[in-house]
Amino acid sequence: MLNLERLRTLDALARHGSVSGAAEGLHVTTSAVSQQMSKLEREVGQRLVARNGRGVRLTDAGRLLADHAARILSQVELAQSDLEAQRGQVVGELRLAAFPTAARGLFPAALAALCADHPALRVRSRELEPAESVAGVIRGDLDLAVVLDWYNKPLPVPEGLVKASLLDDAADVAMPAGHPLAGRAEVDLEEFADDEWITWGEGEFCHEWLLFTLRAKGFEPVVAHRAEEHHTQLALVAAGLGVCVAPRLGRDPLPAGVRTVPVRHRVRRHVYAVWRADADRRPSIRAAVEALRTAGAAVK
């Protein structure tokens, strides 16, 4: 009889590609992963893992069993979802992630309401960028992720995931209070062609979106500063070091000396939740989406 937890360890090893990655995904030690794999090899009577330099690789038998393990674990997830749905109770553990401004702007209200309404539910949350959290949902490390894309640059959602819209988040241009356009009711992005820009990290989805959008407006932006967090970007704006796109979700309070002006042709982020299709019937997923939508409706 194959042990389910050992199959889960094999599945994590196949998905992460290393013992350390599997251990991190399962929230156990590397020693625990190695022990589970040794026991699984004894159960099946075949070698499943082989040394590969400083790391490991799956043998042919290991890959074969890992494929079966993924299907078995998916069926277990589906069975658990069906049992939860049949009971109609919001119970168990729910692991969520969100990009930083959603974690700041949605999670406090949504998760507090979720815990108050469903005291038997254990909620665990963390901040992750969209690509990381989508990968976490696919791997099974997360139950639900709050992700984003932009009105003109969709984020691909892989097959096997379900998504639900939470809110549309408008974005403005943030500039120093003394900027010539700071008193305007609306602006066009191309009016900032001669300004220095503050943006996200190199290669990040939002940074690539900004370059794509400004180039479509007919100019190559001068990127002077990069910062992961919007509040760091706004602090740089307050110091007079450039302008940035400032989404409204999780933005307040603005630093002194910063003005935000809406863009004439609205710039928006679409914010939505994603989860695995085999968990679609879980009442806890439905309750979390409803709580996130309620929190999103309160965003100005």
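Residues are numbered from 1 along each chain as its sequence is written. Because this is a predicted model, local features need pLDDT of at least 70 and side-chain atom pairs count only at pLDDT 80 or more, while totals for chains, interfaces and linings use all residues; side-chain values use heavy atoms, with hydrogens and water left out.

The C-alpha trace of the protein chain spans about 75 × 50 × 30 Å along its principal axes. The protein chain holds 10 helices and 10 strands; helices (H or I, at least four residues) and strands (E, at least two) are DSSP runs, numbered from the N terminus. Of its 300 residues, 46% count as buried, where buried means under 20% relative accessible area, exposed over 50% and partly exposed in between, with a 1.4 Å probe and protein chains only. Among contacts in the protein chain with a separation of 6 or more, 74% are between residues 24 or more positions apart; contact means heavy atoms within 4.5 Å.

The domain assignment gives domain 1 (4–85), domain 2 (97–167 + 270–298) and domain 3 (168–267), with bounds that come from an automatic or database domain assignment. The centres of domain 2 and domain 3, taken over C-alpha atoms, are separated by 26 Å. Between these two domains, 20 residues of domain 2 are in contact with 22 residues of domain 3.

In an unreviewed UniProt entry, the annotation "domain: HTH lysR-type" covers residues 2–59; UniProt positions are given in the numbering used here, feature names are shortened, and annotations may be inferred rather than shown by experiment. Residues 2–59 are 62% helix and 14% strand, and the end C-alpha atoms of the span lie 18 Å apart. Helix α2 (residues 19–26) has Gly 21, Ala 22, Ala 23 and Gly 25 buried. The cover over the buried residues of α2 includes α1 (4–16) and α3 (30–44).

His 27 belongs to the loop between α2 and α3. Is His 27 buried or exposed? His 27 has a relative accessible area of 61%, so it counts as exposed. In sequence His 27 and Asp 141 are 114 residues apart, but in space they are 9.3 Å apart, C-alpha to C-alpha.

The pairings can be followed from β4. Strand β3 (residues 92–98) runs parallel to β4, joined by 7 bridges, and Ala 97 stands opposite Arg 126 in β4. Strands β6 and β10 run antiparallel and are joined by 15 bridges, with Asp 168 opposite His 270 in β10. The pairing of β6 with β9 is also antiparallel, over 4 bridges, and places Ala 171 opposite Pro 247 in β9. Strand β6 is largely enclosed by the rest of the structure, because 12 of its 16 residues are buried.

In soluble globular proteins, nonpolar side chains tend to be buried together. A nonpolar core is a set of buried Ala, Val, Leu, Ile, Met, Phe, Trp, Tyr and Cys residues joined through side-chain atoms within 4.5 Å. The largest such core has 52 residues, and those with the most contacts inside it are Leu 106, Leu 114, Leu 144, Val 146, Trp 150, Leu 166 and Trp 197. Helix α10 (residues 283–297) gives the most to this core, with 7 residues. Domain 2 and domain 3 each supply at least three residues to the core. Leaving aside neighbours within four places in sequence, Leu 114 is in contact with Leu 94, Leu 121, Val 123, Ala 287, Ala 288 and Ala 291. Another core, of 17 residues, lies apart from the largest one, and includes Val 33, Leu 40, Leu 58 and Leu 65.

Terms used
Two strands pair if DSSP finds at least two bridges between them.
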